[in-house]
Amino acid sequence: RVISIDLVANEDADGNIIMSSRDGLTEQGQKAETELGAILDGSKVDAIICVAGGWAGGNAASEELFRNTELMFKQSVWTSTISAKLAASFLAENGLLCLTGAVPALGGTPGMMGYGMAKAAVHQLVKSLAGKDSGLPANAHAVAILPITLDTPMNRKFMKDADTSSWTPLQAVASLLHGWVTGDRPESGSLAQIITKSSETSVVIE
């Protein structure tokens, strides 16, 4: 059974929790926790996977710095924080919590400061969740996938002339996550870089 938590309904999901972008972190988190609890009715989930996010550029001199940084934190840090709280409440023992970081945020991101700060915060959250007394269930794993560029319809629309041989297909990511949920997965706290070159995808675990 798959439950989707998003701003719009997912027709392929078995259940949907619709969030409002007008709500703050507290309101969104409480809504997600209350409604998921009602859907599960005492049962637990095998995995919680957060793939929310977005991209916005800008350096320290950008007129859009404040707005873009706020947006990046809403899209990446808020959603990851909500996912962590849901995992503490509803993830089964030995379950998987997977968040989404980014390879560029492993270093400096001068041309996209808000994005880099938000993704670096996600990396830190994963490390914290893997530590003792993090609040996660027994033997649960917290990891992050760190893609570079995903092959999505939106990216193809706005980057028509890009070399897509370095873009990671969504099917490759889905297969990786399915394998982690059902079988072996990286050590808790791992940051898994997903790198595609010449249409070949590999995973580097940190």
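Me: Which residue forms a salt bridge with D151?

Reply: This is a predicted model, in which local features need pLDDT of at least 70 and side-chain atom pairs count only at pLDDT 80 or more, while totals for chains, interfaces and linings use all residues. Residues are numbered from 1 along each chain as its sequence is written, and side-chain values use heavy atoms, with hydrogens and water left out. A salt bridge here is a side-chain nitrogen of Lys or Arg within 4 Å of a carboxyl oxygen of Asp or Glu. The closest N and O atoms are 2.6 Å apart in the pair that D151 forms, and its partner is R156.

Me: Is R67 buried or exposed?

Reply: Buried means under 20% relative accessible area, exposed over 50%, and partly exposed in between, using a 1.4 Å probe and protein chains only. R67 forms a salt bridge with E64, with 2.4 Å between the closest N and O atoms, and E64 is partly exposed at 31% relative accessibility. R67 itself has a relative accessibility of 56%, so it counts as exposed.

Me: About how many helical turns separate K31 and E35?

Reply: The side chains of K31 and E35 meet in a salt bridge of 2.6 Å, N to O. Helices are DSSP runs of H or I with at least four residues, strands are runs of E with at least two, and both are numbered from the N terminus. Because K31 and E35 are four residues apart in helix α1, their separation is about one helical turn.

Me: What is the relative accessible area of A32?

Reply: A32 is found in helix α1, which covers residues 25–40. Leaving aside residues up to four places away in sequence, A32 touches I5, I17, M19, I82 and L86, where contact means heavy atoms within 4.5 Å. A32 is buried, and its relative accessible area is 0%.

Me: How far apart are the end C-alpha atoms of helix α5?

Reply: The expected span of a helix is 1.5 Å times one less than its number of residues. Helix α5 has 13 residues (170–182), so it should span 18 Å, and the distance between its end C-alpha atoms agrees, being 18 Å.

Me: Which residues are exposed on the other side of α5 from the buried ones?

Reply: V173, L176, L177 and W180 are buried in α5. They cover an arc of only 95° around the axis, taken from the directions from the helix axis to the C-beta atoms, which means that they lie on the same side of α5. On the other side of α5, the exposed residues are Q171, H178 and T182.
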